[in-house]
Structure formats: C-alpha cells, structure tokens
Amino acid sequence: MTQTTVKPSLALGTLHTGRLPIPELIALVVGLGCFFAFPSNLGFMTEIVIMILLVLSLDLLLGYTGIASLGQAAMFGGGAYCAGLFALHIHNDPLLGLIMAALFGGLMAGVSGLLFLRAHGLSFIILTIAFGSLTFAVANQLNWLTGGDDGLYGYIMAPLFGAFEFDFFGRTGFLYSLGILLVVFYGLRRLVNSPFGLSAQGIREDRQRMTSLGFPVYRVMLMIYIIAGAIAGIAGALSAQTIQVVGLQSLSFTMSAEALVMLILGGTGRLYGAVIGTVVFMVVHHYAADLDPSTWMLVIGLMLIAVVLFLPKGMVQLVDMTRNKVSRLNGGAGHDNSK
Amino acid sequence: MTTLNEQPAVTPTASRFSVQGLSKRFGNLVVADDIHIDLTPGARMALIGPNGAGKSTFVNLVTGLLTPSSGRIVLDGEDITTMSASRRVRNGLVRSFQVTRLFRELTVADNIRLAVLQERQQYMRLFSGLANTPGLDEEVQRILNELNIRDRASSLVHNLAYGEQRLVEIALVLALKPKVLLLDEPAAGVPDSESDLILEAVGNLPKDLAVLLIEHDMDLVFSFAEQIAVLVNGAVMATGTPQEIAHNETVRNIYLGKGH
Ligand SMILES: Nc1ncnc2c1ncn2[C@@H]1O[C@H](COP(=O)(O)OP(=O)(O)O)[C@@H](O)[C@H]1O
Ligand SMILES: [Mg+2]
C-alpha cells in the first residue's frame, strides 16, 4: 500500500517517462554535427528543421489526440505571412515576430477549431481541407497585402538577439531554427507526458469513454488544436524569417498532405517518429528530385506502401526492433527510455 | 402526478436520484415508456428484464448519451435533464458499460489514472510529469489494491483476460467517486470461473453510494438488491423487494420462468 519508493510512476506501470533533456541533447549534437559536416547545405537543412516542427504539430493532433487534419498548412502559412508582415511593417526582430506568429497560428486554430471540432472523422478532415483552401484563396485575393503570386518580400530581419546577423550562408538561420526546434521538442515532450497529454491520449483511444469519465472532451481537443496551431505558426515564421520571402505554397494543400505523409512514414504518436519521417522524406525528395522530377514521387510512393504494409507503426518500429535486440544482447535489461 | 406543493415534506436529500416519467421512442418503437425510478443514498436496486427490454437505453438516457423524448431526471435536487453528459459525471452520476469500454492501448494504471485525474481536476496540468502530480499515484494505488489488480498495473488493457477487464471497468467508475452508480451488466461475458471477482467487487461498493445494477445473473441480483424493478418493453412492469418480485406471478411468467 505505502509504496513510497523512488519512482512511483514507473512502479505503477505507465509508459510515460522522462524529464531530463537527453533527446534534445542528442538532437543538438546531431544538428551541430550536420552544421559542420555540410556547410553548403544549410538552407536545405533549415528547411528540414522547419518541416519537423510542422510535422510535430500534426503528430500532437493525430498521433496523440487522434485528430486527423489535412489543413495544418493554413496555420503554417498564416504564421509565415504574419511573421513576414510583422517584419515588414512593424518590427523586424525575429523572436518578436516568432511570438506574433505563434499567437496568430493559435488564433487561427482557435477560431476554426471552435467550429470544426464539433465534427468527427471524415467530416472534420474535409473541413480542415476547406479551411486550407479558404486561407489560400484569401491570401491570393489580398494581393496588396500579401503580394499574391509574387510572394511577400522586401523585409530584412534584424540580427538575432541584436548580435547575430542572418548571413548569406544561412548559418544563423540554421542554428536559430535548430534552437527553436529543441525548445519546442522539449516542451512537447513534457506536454505529452503530463496529465494533459495522457488525457489527449484517452481522447485518441475512445472519445466517448472520456466523456463518460466526465472530461470536457471538446475543450481539451480545442486546447490541443490551438497548441498545434501555434507550433505550426512558429514553423511558418521560421520559414519566413530564414528565407525572407513568403509564397502562397506555404498555404497549399500539398504542404498539409506532405506533412501528413512524413508523419505516417516516421510513425504517429511518437515525437521522434515525426523527426525520422521528415528527415527521410526530405532527403529522398532532395536527392531523387535531382535525378528526375518524377522519380522522387515513385520512390516516396513505394516507401509509403512498404511502411504502411510492413511497418504499420512507421519507421520508428525499426528503431524499436533494433533497441529490443540490443537490450536482449545486453542481458535483457529491458528498455530504458528514461535514462 | 401529485403536485409539488402538496408534498412539502419531501426534502431533496431524501432522494439522491430520481427519474420521473422518462420516455423515449425511436420512430414507432417505444424503448422507454414513462419510467419512474427513485434512489436514496445507499440504495441497492436491481433493474432486470429480458434482452431488448430497454435497460441499456435507460442508462444511455439518464447519463445523457441519448436525449429523452419526455420526462425529468433529478440528481441531488437538481434537474439535470438537459445537462451535458460529461457534467452529469462531474456531478456524481456515473455508469459502467455493458460491453467493456476501456483505453485498450494504455496500461491498467493509466486507465485508472485518467479517471483519477478527472475526479481530482488535475488534467489541465500541461507540463508537470504524471509522477509529480500530487496525490495521483497514491490514489491509483489505492484503487488497484481495492480491486486486487495491483499486479496488472503495468499491463496493457488489451492483454488482460475479460474478467480482469471488467474489474478495470469497475475501477474506473469507482475512481470517479460517484454518488449514483449505474452498473450495466458488470458480469456480462465473464466466464463463471471469474464471476466471483465481479460479485466480490460489487459487494464491496461504498455503503453510501446509490447503486442501480442491471444484471441477468439472478444469483447476483438476489444477493445484491434490496429492491428490484422489472422492465419489459420499455416500461416498469413491477417494483418491489426481491421477495415480492420472486413471488409475482406475472414476473415469473414473463421473465423468471423463461430460463434466465
Ligand atoms: N439507437 C437506436 N435506434 C433504434 N433502436 C434502438 C437504438 N438503441 C437501441 N434500440 C432498440 O431499443 C431496444 C432496447 O435495447 P437495449 O436498451 O439495448 O435493451 P437491453 O439493454 O434491455 O437488452 C432494442 O429493441 C433495441 O433494438
Ligand atoms: Mg443492455
């Protein structure tokens, strides 16, 4: 009864772990390694980091809460335009712009979610697609504000912390994006392992049962939707600030759909699944597209089929399998996710 | 129906939960027909009736998963007829499901943890670890021990035997600290070898809790209930003590006689 030993949570059988920023430290080392190893690819690597953020926001929705969306680009593009316009007309400090974009992404999600989250399943997906096309059309119409087809440009970001110029090689841009990714990743990891995160997973497993447990399910889902919107907004802002131009494609259906493909590829409901899926997709896209523009679609298509058929939990399943094998070789220490 | 001002002596606390003239029709099919049921604190009532009589529908109606066509539902003196389903639960009206509904991909402990988080209103803690949530694990422990499923805490629910899953179902509703508990066939689908576990859990429910038990197993019903209501075609055909019901000719013919 009085089990006041060290780790009551593990003793009590939860799958949740971890306060220490170990995954973030590993990601930092890998990120910095890439920074020094591929100095001429910093632009591409920044794109990957930004895309990881967008896919993470989708993982929070789909993987942790069971809300499937095909309109996450609305908040991504919204954040991008917000950050671009903020830099152009109000203030060009990057962190200030980032905060504005997060708020704007959250606001877009809040307003749309208030309406859409009453719908379930397929109806909800359709609504998110509709919202995506709507924002695209609006941005296109508001030519005078957004630059329409030509894109939004002409702003120059102030140095980060007033000290680090956004240089031509994209060094600052990459390290800035990487830093934001690590902060968001840590926050998300805390979130999904919190009481709130467990409630999200309860909603994913059985929404109606959560209602019968007395949870205000709609309100919890709305909060998750807003948080995911804010993260997508942050990703959009990073894109606007590092490339210093915002195009309509940031709001496109393709963007939403590709983010979903990356998530499925890597594995839903695991934060690092989003990371793996995005990296694999982007790298394949990058190199296969060099060969022949149609090849990459073929490669991605085949990969997606293989994953869905043979690794239904995504590529993270490969990591799990290897890890289990290693721990068995080490004398079955079991897996040790927390340390 | 008598008017309210003729009965000033009836204080709200005399009845914990009362259903007044509840009706529901699906098209032409009447599944609840002017049902009246009254539970005092600590009541032990059983609701019996043949399959398709409308017992589960009754539970769905009073818990807000279905909207009644007419009638009133009162909990602790408050009319909850139009209250949202989740608020009814927060106000103390809790049900279990005839077909187990659990979070199958989560551990037993996490299933119970969810119920406890709601009951303690701690689920809005966004960034603190589960292990650092004050009182949470102690409460989960207590419930695991109470139902004797301590050693299954780390198992995923879908790896449990069905009887054990039914215990987790009971653990969830108990974790919500209800005032009124509606148990929809807690022993349904449980093999005889495991049904004693359910019997014991039902027997150990808190004394001041008002319980409405829906059950087919007559041993369980007669060992548990102080009052029995018989539902046939959506209508309450008879109510009374187990003695009275057992000797009621019509009930025997319609229900008890038919090999249940
Ligand atoms: N959503 C529904 N639509 C139409 N008929 C329903 C619905 N739900 C239940 N019924 C019918 O209501 C009757 C009562 O069902 P139920 O409450 O499950 O009975 P019991 O729990 O007593 O076995 C059955 O005839 C069933 O077919
Ligand atoms: Mg039933």
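Modeller: Thr63(B) lies in helix α1 of chain B. This is a predicted model. With a relative accessible area of 8%, Thr63(B) is buried, because buried means under 20%. The side chain of Thr63(B) reaches the backbone oxygen of Asn60(B) at 3.4 Å. Leaving aside residues up to four places away in sequence, Thr63(B) touches Ala85(B), Arg88(B), Leu93(B), Arg95(B) and Leu182(B).

Helix α1 of chain B covers residues 55-63, and Ser56(B) lies in that helix too. Gln98(B) lies in the loop between β6 (93-95) and α3 of chain B, so the pair ties together parts that are 42 residues apart in sequence. Ser56(B) counts as partly exposed, at 23% relative accessibility. Gln98(B) also counts as partly exposed, at 27%.

What does α3(B) give to the side of chain B that touches chain A? In all, 45 residues of chain B are in contact with 38 residues of chain A. Between them the two chains bury about 3600 Å², with 64% of it on carbon and sulfur atoms. Arg101(B), Phe103(B) and Tyr123(B) supply 17% of the area that chain B buries against chain A, more than any other three residues.

There are also polar links. The count is 13 residue pairs in polar contact between chain B and chain A, taking pairs with both residues at pLDDT 80 or more. The elements of chain B that give two or more residues to the side touching chain A are α2 (85-90), α3 (108-119), α4 (136-146) and α5 (162-175). To answer the question, α3(B) provides seven residues, the largest share of that side. Sorted by class, the side of chain B that touches chain A has 23 nonpolar, 11 polar and 11 charged residues. Two salt bridges are found across the interface of chain B and chain A. One is formed by the side chains of Glu169(B) and Arg209(A), at 3.3 Å from N to O.

What covers the buried residues of α9(A) includes α3 of chain B, together with α3 (42-65), α8 (171-192), α10 (207-212) and α11 (217-243) of chain A. Helix α9 of chain A spans residues 195-205, and nine of its 11 residues are buried, so the helix is largely enclosed by the rest of the structure. Among the buried residues are Pro195(A), Phe196(A), Leu198(A) and Ile203(A).

One more detail concerns the end of α11 in chain A. Gln244(A) lies in the loop between α11 and β2 (245-246) of chain A. Gln244(A) has a positive phi of about 60°, although it is not a glycine. Most residues other than glycine have a negative phi. Gln244(A) is partly exposed, with a relative accessible area of 21%. Asn233(B) lies in the loop between β9 (227-232) and β10 (235-240) of chain B, and at 61% relative accessibility Asn233(B) counts as exposed.

How values were computed:
Residues are numbered from 1 along each chain as its sequence is written. Chains are lettered from A and ligands numbered from 1 in the order in which they are written. This is a predicted model: local features need pLDDT of at least 70, side-chain atom pairs count only at pLDDT 80 or more; totals for chains, interfaces and linings use all residues. Side-chain values use heavy atoms; hydrogens and water are left out. Contact means heavy atoms within 4.5 Å. Buried area is the accessible area (1.4 Å probe) that two parts lose on being put together, summed over both. A salt bridge is a side-chain nitrogen of Lys or Arg within 4 Å of a carboxyl oxygen of Asp or Glu. A polar contact is a pair of N or O atoms within 3.5 Å; within protein, one must be able to donate a hydrogen and the other to accept it, and residues adjacent in sequence count only if both atoms are side-chain atoms. Helices (H or I, at least four residues) and strands (E, at least two) are DSSP runs, numbered from the N terminus. Ala, Val, Leu, Ile, Met, Phe, Trp, Tyr, Cys and Pro count as nonpolar, Asp, Glu, Lys and Arg as charged, and the others, Gly among them, as polar. Buried means under 20% relative accessible area, exposed over 50%, partly exposed in between (1.4 Å probe, protein chains only).
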